[in-house]
Structures are given as C-alpha cells and as structure tokens.
Amino acid sequence: MELLNKLKNEYKSIGNTPLIKMVFEFDGKRKTVYAKQESLNPSGSIKVRPAYQILYDAIESGQLKEGQRVVEVTSGNMGIGLTYLCTRIGNPITILMPKTMSKERIQILRDMGADVVLTNDFLEAFKMEDDYISKGAYPSKQFDNKSNPKAQANTAKEIVEKTTDFDAFISGVGTGGTLMGIGGYLKDNYGKKMLAIDPKESSLLLFGKAQGPHKIQGLSDQIIPGLYDGNKVDEIISISSDDAIVMARRICNEFNIKVGISSGANVLGALISNYDSCATVFADDDKKYLSTDLYNEKITSELVNKVKLIEYSIVK
C-alpha cells in the first residue's frame, strides 16, 4: 500500500491538458483540428498517462514490488514517463532503446536516473528484454499492456468534456495505445471515425512489415503492436517524414506552439483526410528533436506549402 500511495501522489499533476482549436485552409477548404497539448504533462509527453496506469495496475495486482526493477523497450517518451514515476516511488528502471533515437531522449533518460542500454534496433531490444525478465525485472511492455489504452480512454473523456464537434480522431501508431484508447472510446461512444497515421517510408500498417527507416520517432517501431486492432481503424493515411517535419516546424514557428514531428504528421493527416474536423494529440514538444531534422531548413514540402494557418485558440 505504501508503494501505491507514493504513486497516487503523482496523479494530481497528470492530465487535464489544454485542448487547442486550430483553423486551417487547405486545398480551398476550411479545416478544423483539435489537439490536446500533452507536452504540459509532468514528463513532457502524453506517455506519462499510460506510464502511471501501467505502474498502478502492476502494483495493485502484486506484479510490481517495492524496489523491483522495471524494464521497458521504448523510443523515448514512454521510457521518460516511466522513469519520471519510478524515480519518485523508488523503483530502479532499465530502458532498452535503439541507438538511432535522438541524443536528447537518451540524455534526458540518463539525467533522470534510468539505466539506458542502447541497441541496434527494436528487434534486438525486445530480445534483450527477455534477459532482464529472467532476472526478476517487471516488464512494463507498453506495446501489449492493456493498461496503455485504458489510460488513454481518460484522455478521450477530457476531449469530449470540451467538444464533440469533430468527425474523426487521428494519430500515429507506436504502441497503438493512443489510437486505440482515445480513438476506440470516441468510436464506441460517439460514433467518431478512427484514422491511423503510417509513416510513408515504412508503411508498416499497410504491409504488416516495415519497408524501410523513417524520421517520425515514436511511430512504426518495426512491429505491429499487440494493442493495434486494424479492424477498428476506418482509414490508414500515409505521411512522409519530410512533410511531417515541415508541418511540425510551421506549427512551432507560426503558431508558436512547440511540437514534435509526430504532431506535424497528425495535423497534416487531418488536413488531407476527407473530414472537415478532426481531433488529435500533440504528443510532446520540440525539445527532444533539436538534433534531428526538425529545424533543418533545407527540408521543404510542396504539400505543406498548400496549408494556410488561419488561427488558433484554447477551447474553454
């Protein structure tokens, strides 16, 4: 109970992030996008929500004990969220992460106190995870853990408290927790469409196997996650890395809302969809992408050049 009480103390700072309404003009049409500004969570991203739920459920069920090591395979944000919480409740954590992830993510995790082990790719990280489990570590397993979408259903409830004036929910798929949790709740309870972003260079969701590397970190992590249910998804929208980068950069520069590359993909996906209004998330901000191509002005996009940013406001 003491471990659970320590964790509960952190809950009050998680969630209830602002909902931003943005109006665009694209291809001669007026489009509205609503986005939850998840960078204002304590660990800087949306992933602290499922990180909390995963740890809570593990402690409550007796799977995670005081002082027991947690092990997680991550591209960054979930690892940061788990590390943020683990350091507060006193549990050590090992993060298994491909060495291709941004240096900011790696440094943040180490500064927060995580034991970071870099691997060649995600497949190697998953194999290495088994060694830690055999030595008694608790595997948080974000790609398969049902506590992940369970937490995001609460995010969906926060959205509909502000508005239901949209046709679809759209997001990328890393673990599938955000899309299946938020999108699934909105589909089941409000009849909203569910749209999945697939990095064009990888096309993992379209082909079931990654076709190549991409630059939208946090999405398409080489495997179809166990949480992803393609039967619930109404449409898969392919977005190229460069288009996502330029869209994110324009949001950062013109709206002065600092977002990461996946947020650019989410907005652009909403704009090229057949729907006039979509809800989505700004999963994090730009701080973990400063060493990436996010601010590389040599990268351009004819598609994003067609987008006119009209206005934005906070939904009250």
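Author: With accessible area, computed by the Shrake-Rupley method with a 1.4 Å probe; for residues, only the protein chains shown count as cover. The chain exposes about 12,900 Å², and carbon and sulfur atoms hold 45% of that. This is a predicted model: local features need pLDDT of at least 70, side-chain atom pairs count only at pLDDT 80 or more, and totals for chains, interfaces and linings use all residues. Side-chain values use heavy atoms, without hydrogens and water, and residues are numbered from 1 along each chain as its sequence is written.

Reader: What percentage of the residues in the chain is buried?

Author: Buried means under 20% relative accessible area, exposed over 50%, partly exposed in between (1.4 Å probe, protein chains only). Here 59% of the 316 residues are buried.

Reader: Which radius of gyration does the chain have?

Author: The radius is taken over C-alpha atoms; the globule rule is 2.2 Å times the number of residues to the power 0.38. For 316 residues a compact globule would be near 20 Å, and the chain has 18 Å, which agrees. The C-alpha trace spans about 60 × 40 × 35 Å along its principal axes.

Reader: How do I read contacts?

Author: A contact means heavy atoms within 4.5 Å. Of the contacts in the chain between residues at least 6 apart in sequence, 73% link residues at least 24 apart.

Reader: Is Asn 266 buried or exposed?

Author: Buried, because its relative accessibility is 3%. Leaving out residues up to four places away in sequence, Asn 266 touches Ile 170, Ser 171, Gly 172, Ile 197, Thr 280 and Val 281.
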